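The sequence and the model are shown first.

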Amino acid sequence: KKIGVLISGSGTNLQALIDASQDPLQHLGAEIVLVISNVPQVEGLKRAEKAGIRTLVLRHKDYEKRVDFDMAMDKELTLAGVEIICLAGFMRILSIEFCEKWRGRLINVHPALLPLFKGTHAQRQALEAGVRVTGCTVHFVEPDVDAGAIIVQETVPIEVYDTEETLVDRIKKAEHKAFPKALQLLATGKVRLGSDKKIFWC
Ligand code: GRF
């Protein structure tokens, strides 16, 4: 399957997807053909270029409406033959139109065990709540933020000495395992989104 990845930053999850897709032993069934960033000059773009993957910067500020920006991305993704989109630290909320067009073929990674701690600073939310276990979630994207059927979750313990920074790092390590795993499940047809928006294991 041809994969498009949307990023806004450092791209460590993108790197995990690149590494997995280039490792023949992992049988990911997925090839990244396009990386789009809404922020210029981020580390993630350099990672893609180093791996020989086509990159594109589309600045959301250049578009009047959210949906116009989304449709510009949609056009590029479609032209590139993309079949599955991975959101890897993409810090923009997607329009209903985009989510509906790509429903079932659009996945995101979130740094908490959803449905807990939705939104931004999920790691800080977990620390403030005092939970002793958190983790990460890879899920299908729906117009409601951090909703959508769950494909893979990994748990991560919270240590007594954790700061937001150490927890962010530990959760990222879990994301780097969970994201390729979820992409493989989708790309190889082992999981799909049912018409009722619930997960369907094939
Ligand atoms: C990750 O923690 C992901 O869960 C969140 O944004 C972060 C992206 O990190 N959505 P990176 O750019 O992949 O390093």
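The largest nonpolar core has 57 residues, of which V5, L17, C86, I107 and A182 touch the most other members. A nonpolar core is here a set of buried Ala, Val, Leu, Ile, Met, Phe, Trp, Tyr and Cys residues joined through C-beta atoms within 7 Å. A residue is buried if 20 or more other C-beta atoms lie within 10 Å of its own, exposed if 12 or fewer, and partly exposed in between, with C-beta atoms placed from the backbone. Helix α6 (residues 164-187) contributes 9 residues to this core, the largest share.

The model is predicted: local features need pLDDT of at least 70, side-chain atom pairs count only at pLDDT 80 or more, and totals for chains, interfaces and linings use all residues. Residues are numbered from 1 along each chain as its sequence is written.

**Overall fold**

The chain holds 6 helices and 9 strands, taken as DSSP runs (helices H or I, at least four residues; strands E, at least two) numbered from the N terminus. Its 202 residues would give a compact globule a radius of gyration near 17 Å, and the chain agrees with this at 16 Å. That radius is taken over C-alpha atoms, and the globule rule is 2.2 Å times the number of residues to the power 0.38.

| Property of the chain | Value |
|---|---|
| Buried residues, of 202 residues | 40% |
| Contacts joining residues at least 24 apart, among those at least 6 apart in sequence | 67% |

Contact means that the C-beta atoms of two residues, placed from the backbone, lie within 7 Å. With neighbours within four places in sequence left aside, V5 is in contact with L14, L17, I32, V35, C86 and A88. I85 belongs to strand β4 (residues 84-87) and is buried, because 24 other C-beta atoms lie within 10 Å. Under the exclusion of neighbours within four places in sequence, I85 is in contact with G4, L6, L77, W102, R105 and L106.

**Helix packing**

Helix α5 (residues 122-129) packs against α6 at an angle of about 120°, with the axes 9 Å apart. Axes are lines fitted to C-alpha atoms, for helices over the stretch in contact, and angles run from 0 to 180 degrees between N-to-C directions. The contact involves Q123, R124 and L127 of α5 together with E164, L167, V168 and I171 of α6.
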